[in-house]
Amino acid sequence: MNKHISLHTQALCDDPRWQAVLERDPEADGQFVYAISTTGIYCRPTCPSRRPKPEHTQIFDQPHQAEKAGYRPCLRCVPQRLETLQQQQSRLVEEACRLIRDNETAPDLSKLAEHAGFSMSHFHKLFKQVTGITPKKYAQSLRLEKLEQELTNNKTSVTEAIYNSGYNESSNFYASRNRLSGMTASAHKKGGTNIVLHYAIAPCSLGKVLVAATSKGISSILLGDDDNALLDDLRKRFPKAEITASGEEFTDMLQSCVAFIEQPQPHFDLPLDIHGTIFQQKIWQILRQIPPGETVSYAELARLAGMPKAARAVAGACAANPVAVVVPCHRVVRNDSGLSGYRWGVERKRTLLNKEKITADD
């Protein structure tokens, strides 16, 4: 018997999968499960429970093999689901996001944590790790998006829109965010009235570039071939803002933007005044960290954002980018490295990427 245990132990210790169990290697998740004879349960490699002794451990390629041998699944790591720990965490957070979306009043943290099967502190940490924001901020972003929709309804007053968006009191809205898309709620209701935008158009290697800015910073960098079409695009983005052609004081800002297009740099130093949902802002921030000469796929960008199943939403955030080149959505390509759609044309995307590759190689 002792000889049998010794041979089994030696064979297990020589198996690279045992090392993966000892290290709780996330890459091993979904590849196999291990079973413990003293407890009668089987686990995934990343299970947070105490590591068993090798003489009490058996490895199976599939969960059903462990169950056929008489083992039951661990309630802590749920190994019967053939998904990695990251996939499991993403699924649990997605379920929590759905609960927040489906309830007029966001469930409190304790209920969300109970639904996911975690303590409040662990769930709060996990939610932020996967989405980049807390459950509270996620609920706030949903209310703000709903408010934007409500404000487009001409029959709805600002106060009604705030209440319809889930705020118990108007003061709660103003306390959480006094400005929406660079404007007060009333200004947004009026389509941007009282917001002043200065703009200028200049030639560049990509055709024409329109740069527009508020008093806080650059709000739009648009590419095109025709001055009138570019100005129409700006007006569609800010339908009732006061849009004024800039004077000489705008020259330095315009030249800096053109220079950035012509000679890509890792950083853009001028202030920006761009607004989007919390998710869009997160994607734009990640994009600005991708150096010239490098590209990522939509799937890779979703993983970098901690939301591996959100490739489609990532593509939407790229399409909503208001500042061409500075937020380099042109550096996002298909999984096969092919060029996909680009808000300002695939040829411009190809030109930008070729220029950046040459610069990076020099």
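## Helix faces, strand pairs and lone cysteines

In helix H15, the buried residues are Val314, Ala317 and Cys318. Seen around the axis they cover an arc of only 100°, which puts them on the same side of H15. That arc is taken over the directions from the helix axis to the C-beta atoms. "Buried" here means under 20% relative accessible area, "exposed" means over 50%, and "partly exposed" is in between (1.4 Å probe, protein chains only). Helices (H or I, at least four residues) and strands (E, at least two) are DSSP runs, numbered from the N terminus.

A quick word on ground rules. This is a predicted model, where local features need pLDDT of at least 70 and side-chain atom pairs count only at pLDDT 80 or more, while totals for chains, interfaces and linings use all residues. Residues are numbered from 1 along each chain as its sequence is written, and side-chain values use heavy atoms, with hydrogens and water left out.

**The whole chain**

The protein chain has 16 helices and 10 strands. Of its 362 residues, 44% are buried. The chain exposes about 19500 Å², and carbon and sulfur atoms supply 49% of that area; accessible areas come from the Shrake-Rupley method with a 1.4 Å probe, and for residues only the protein chains shown count as cover. Take the contacts (heavy atoms within 4.5 Å) between residues at least 6 apart in sequence: 56% of them join residues at least 24 apart.

**Helix H11 and what it packs on**

H11 spans residues 227-237, and Leu230, Leu231, Asp233 and Leu234 are buried in it. Down the axis of H11, these buried residues fall within an arc of 155°, so they line one face of the helix. The general rule is handy here: an α-helix has 3.6 residues a turn, so residues three or four places apart point the same way. On the face of H11 turned away from the buried side you'll find the exposed residues Asn228 and Lys236.

S6 and S7 run antiparallel and are joined by six bridges; for strands to pair, DSSP has to find at least two bridges between them. Ala212 stands opposite Ser220 in S7. The two strands form a hairpin with four residues between them, and Gly217 in the turn has a positive phi of about 160°. S7 is mostly covered, with seven of its seven residues buried.

**A four-strand sheet**

Elsewhere there is an open sheet of four strands in the order S3-S1-S2-S4, with mixed pairing. Its edge strands are S3 (57-60) and S4 (72-73), each pairing on one side only. S2 (residues 41-43) and S4 run parallel, joined by two bridges. There, Tyr42 stands opposite Pro73 in S4.

**Residues worth a click**

Two residues other than glycine have a positive phi. Phi of Arg24 is near 50°, and this residue is found in the loop between helix H2 (16-23) and strand S1 (33-36). Phi of Val325 is near 70°, in the loop between H15 (311-319) and strand S10 (332-333).

| Residue | Relative accessibility | Class |
|---|---|---|
| Thr9 | 17% | buried |
| Arg24 | 33% | partly exposed |
| Cys97 | 6% | buried |
| Val325 | 4% | buried |
| Cys329 | 5% | buried |

Thr9 is found in helix H1 (residues 2-14). Leaving aside neighbours within four places in sequence, Thr9 is in contact with Pro54 and Glu55.

**Cysteines**

How many disulfides does the model have? With a disulfide taken as a pair of cysteine sulfur atoms within 2.5 Å, the count comes to zero. Cys329 is in no disulfide: the nearest cysteine sulfur, that of Cys318, is 5.7 Å away. That brings us back to H15, where Cys318 is one of the buried residues.
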